[in-house]
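Here is a short briefing to read alongside the model. Keep the structure open as you go, and look up each residue when it comes up.

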Amino acid sequence: MSVTEIEQRLTAHIAGLLGLAVDESIFRGKLPAAKLDAAAVIIENTAKGNTPGMPRFQVQILARFAGRDTAVDFCGKLDKAFPAIEAPFYILKSSKPGVYSTTHKGKDVCGVSITLDVRLTASLKKDSNQQ
């Protein structure tokens with residue numbers, strides 16, 4: 001299974017955990033420039049490391065919100081959602097979710113970010129061999 005396919009499945013999985021709709025309020029790979037009150041799931045790199053075992057990825061969730069209260073609430077959702085240990089993904093927090101000030105189309109908005117350590121279980125690897 002390609003990294004693109006894994007990112008698609010991971011985005012759908014995280015959308016379910018957070019109660020978001022794929023390609024409406026959560027996106028794969030990047031946060032579209034026109035979107036506010038939305039998030040993106042981005043695989044930043046693969047991290048095999050020095051040990052055999054599950055494939056491992058460093059993943060970032062980035063979000064952008066018009067209001068700070070909404071951003072802080074989303075931070076709370078992220079903090080409660082992870083870790084999420086459900087096959088085919090083991091999703092662990094590598095950092096705490098954070099809110100920061102940014103701009104969007106010349107207006108002050110709030111960003112949210114969290115870095116995750118995502119590992120794939122054997123069940124996904126078996127699925128990928130069957131496709």
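What share of the contacts in the chain with a separation of 6 or more comes from residues 24 or more positions apart? The share is 58%, where contact means heavy atoms within 4.5 Å. This is a predicted model, in which local features need pLDDT of at least 70 and side-chain atom pairs count only at pLDDT 80 or more, while totals for chains, interfaces and linings use all residues. Residues are numbered from 1 along each chain as its sequence is written, and side-chain values use heavy atoms, with hydrogens and water left out.

**Overall layout**

- The chain holds 3 helices and 7 strands; these are DSSP runs numbered from the N terminus, with helices being H or I of at least four residues and strands being E of at least two.
- Read from the N terminus, the elements follow the order α-β-β-β-α-β-β-β-β-α.
- Of the 131 residues in the chain, 38% are buried; buried means under 20% relative accessible area, exposed over 50%, and partly exposed in between (1.4 Å probe, protein chains only).
- The chain has an accessible surface of about 7,300 Å², and carbon and sulfur atoms account for 48% of that; the areas come from the Shrake-Rupley method with a 1.4 Å probe, and for residues only the protein chains shown count as cover.

**Nonpolar cores**

- The largest nonpolar core has 29 residues, and I14, I61, F74, F82, I91 and L116 touch the most other members; such a core is a set of buried Ala, Val, Leu, Ile, Met, Phe, Trp, Tyr and Cys residues joined through side-chain atoms within 4.5 Å.
- At least two residues of this core come from each of helix 1 (3–18), strand 2 (38–46), strand 3 (56–65), helix 2 (68–81), strand 5 (89–93) and strand 7 (107–120).
- With 6 residues, strand 7 gives the most to this core.
- Another core, of 5 residues, lies apart from it and includes F27, L31, A38 and I42.

**F74 and its aromatic partner**

- Beyond its neighbours within four places in sequence, F74 is in contact with L18, L20, A39, I61, A63, F65 and V112.
- The structure holds 1 aromatic pair; rings of Phe, Tyr and Trp (its six-membered ring) pair if their centres lie within 6.5 Å, with planes under 30 degrees apart counted as stacked, over 60 as edge-to-face and the rest as tilted.
- That pair is F65 with F74, and it is tilted, at 5.2 Å centre to centre with 50° between the planes.
- Both F65 and F74 are buried.

**Helix 1 and what follows**

- Helix 1 has as its buried residues I6, E7, L10, T11, H13, I14, A15 and L18.
- L17 also lies in helix 1, but L17 counts as partly exposed because its relative accessibility is 29%.
- Leaving aside neighbours within four places in sequence, L17 is in contact with F82, A84, E86 and I91.
- L17 and L78 are 61 residues apart in sequence, yet their C-alpha atoms are 9.2 Å apart in space.
- S25 sits in the loop between helix 1 and strand 1 and counts as buried because its relative accessibility is 18%.

**Strand pairing**

- Strand 1 (residues 26–28) and strand 2 run parallel and are joined by 3 bridges; two strands pair if DSSP finds at least two bridges between them.
- F27 stands opposite A40 in strand 2.
- Strand 2 also pairs with strand 3, in the antiparallel sense, over 8 bridges, and I43 stands opposite V59 in strand 3.
- Strand 4 (residues 84–86) runs antiparallel to strand 5, with 3 bridges joining them, and the two form a hairpin with 2 residues between them.
- A84 has I91 in strand 5 as its bridge partner.
- Strand 5 pairs with strand 7 in the antiparallel sense over 5 bridges, where F89 has L120 as its bridge partner.

**T115 in strand 7**

- T115 is found in strand 7 and is buried, with a relative accessible area of 16%.
- Apart from neighbours within four places in sequence, T115 is in contact with Q58, V59, Q60, L92, K93, S94 and S95.
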